[in-house]
Amino acid sequence: MIDDVVKEYTERIIEYGAKSEKVRIALSRAIKAFENNRRNALGMFPQSIDTAKEVRKIKEYSIEHMDELIKKACESIERNHGHCYYAKTKEEALQIFKDLVGSGKLIVKSKSLTSEEIHLREFLEELGNEVYETDLGEFIVQLMGTRPTHILAPAINVPREDVAKVLSKFMKEKGIIEEDLDEQDIPKMVETVRKFLRDKYFKADIGINGANALAADTGTMFIIENEGNARLSIGAPPVQIAIVGVEKIVPTIEDAFKVTEVTWRYANYTVPAYVNLISGPSKTGDIEKVITYGAHGPKELHVILLDNGRTKMHESGYNEALYCLRCGTCLYECPIYAVTAGFFGQQYMGGIGAIWDAFTTVGLEKASPIAYTCVRCGKCKVMCPLNIDIPDMIAKLRNDARKQGYVPKVVRDFAKDIEEFVKEQK
Ligand code: SF4
């Protein structure tokens, strides 16, 4: 029932978001830093504004030719001695993981919203594997047993004081530290996580990653990062498995460069510490030009291309949502997000997240209250590098929800009041 869904969502958004002083403090610190950094990044590299217009065209083309690009990307990956899989649904993707991974493995994982979408870590843990998120924010979220609240900064809503507490408890148990961490000493917190994860990369059986873009012509995945955790979890274990949403595929490697450049600029970086390009498993031809796989890096590369509602999103007229680069700008600019963090959403966040949640995670009924939380102020569209019309899609989503009877009671009552008022005026 929609009213139960709304009740549960409203309680959560108020309890963990709007009412929480801690969330507001953590968010205001992060939003201020983000705004300064983005202004700086675009000020130094103003050409990114024009590149963003090109990227919009690349995305328009790619989404219209998704089937063709999936086929081409798979052919390229196989040509590079990787293995390519297409998963129509979440269940199909998890089955592929189950077949490849099995149980009893040590797994290091870098940040991937697509893997969050299918609850991959939890699934692999249930199979009996030891899985570590290696992105610092994701690692904190994993230890806290919560979920990411921002697409770039998963623990954005967690103040340093809470981070110190959760890390102290875990690291003392693991024998990494003896004393509690000082809650103002962020470098020490980072150093402690580094110390703990360091040997996991080299002991791991499998590394898992997502991608920011995938070039169909070469089969090359682009992965932007700053911490160096992605390149370690991709490079050190003998087996690498990537999960990539089909909307990330673009025709050429030049297109993928443009997509990633615009993504990091708008994600507030003049330049990220690392951009990883991976086209196949590790190889060498240094002995008599005999190509041998698994030189230093992974011997095997598996790439799972995930649909899970993306084609339906396209067919249902929500194309623009598929252009999203996950740069995070719209979240930092959103007045609702500023007081509620990722609790304004189910698994994806903010106005753009309402569309993604409707098609890929929780369905239209549970996405309906998110669509009604959005005030459609339009700031997200203005600030989005691709000018994605989120307010327009929110209106369409509300309309689709209305047709299914998923309008929250508070909105139904309000509509009735307006109707009566109009009658009285006649
Ligand atoms: S909708 Fe636009 S601003 Fe928001 S994350 Fe996607 S690309 Fe960035």
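How many aromatic pairs does the structure hold, and what can be said of the pair formed by F139 and F196?

Modeller: This is a predicted model, in which local features need pLDDT of at least 70, side-chain atom pairs count only at pLDDT 80 or more, and totals for chains, interfaces and linings use all residues. Residues are numbered from 1 along each chain as its sequence is written, and side-chain values use heavy atoms, with hydrogens and water left out.

The structure holds eight aromatic pairs. Rings of Phe, Tyr and Trp (its six-membered ring) pair if their centres lie within 6.5 Å; planes under 30 degrees apart count as stacked, over 60 as edge-to-face and the rest as tilted. The ring centres of F139 and F196 are 6.0 Å apart and the planes meet at 35°, so this pair is tilted. Because F139 belongs to helix α8 (residues 136-144) and F196 to helix α10 (residues 186-203), the pair ties together parts 57 residues apart in sequence. Helices here are DSSP runs (H or I, at least four residues), numbered from the N terminus.

F139 has 0% relative accessibility and counts as buried, a term that means under 20% relative accessible area (1.4 Å probe, protein chains only). F196, with a relative accessible area of 5%, is buried.

F196 also forms an aromatic pair with F170, which is edge-to-face, with 5.2 Å from centre to centre and 85° between the planes. This pair links distant parts of the chain, F170 in helix α9 (residues 160-173) and F196 in helix α10, 26 residues apart. Both F170 and F196 are buried. Finally, ring pairs link Y132, F139, F170 and F196 into a cluster.

Technical notes. Helix = DSSP H or I, 4+ residues; strand = E, 2+ residues; numbered from the N terminus. Buried < 20%, exposed > 50% of the residue type's maximum accessible area, 1.4 Å probe, protein only.
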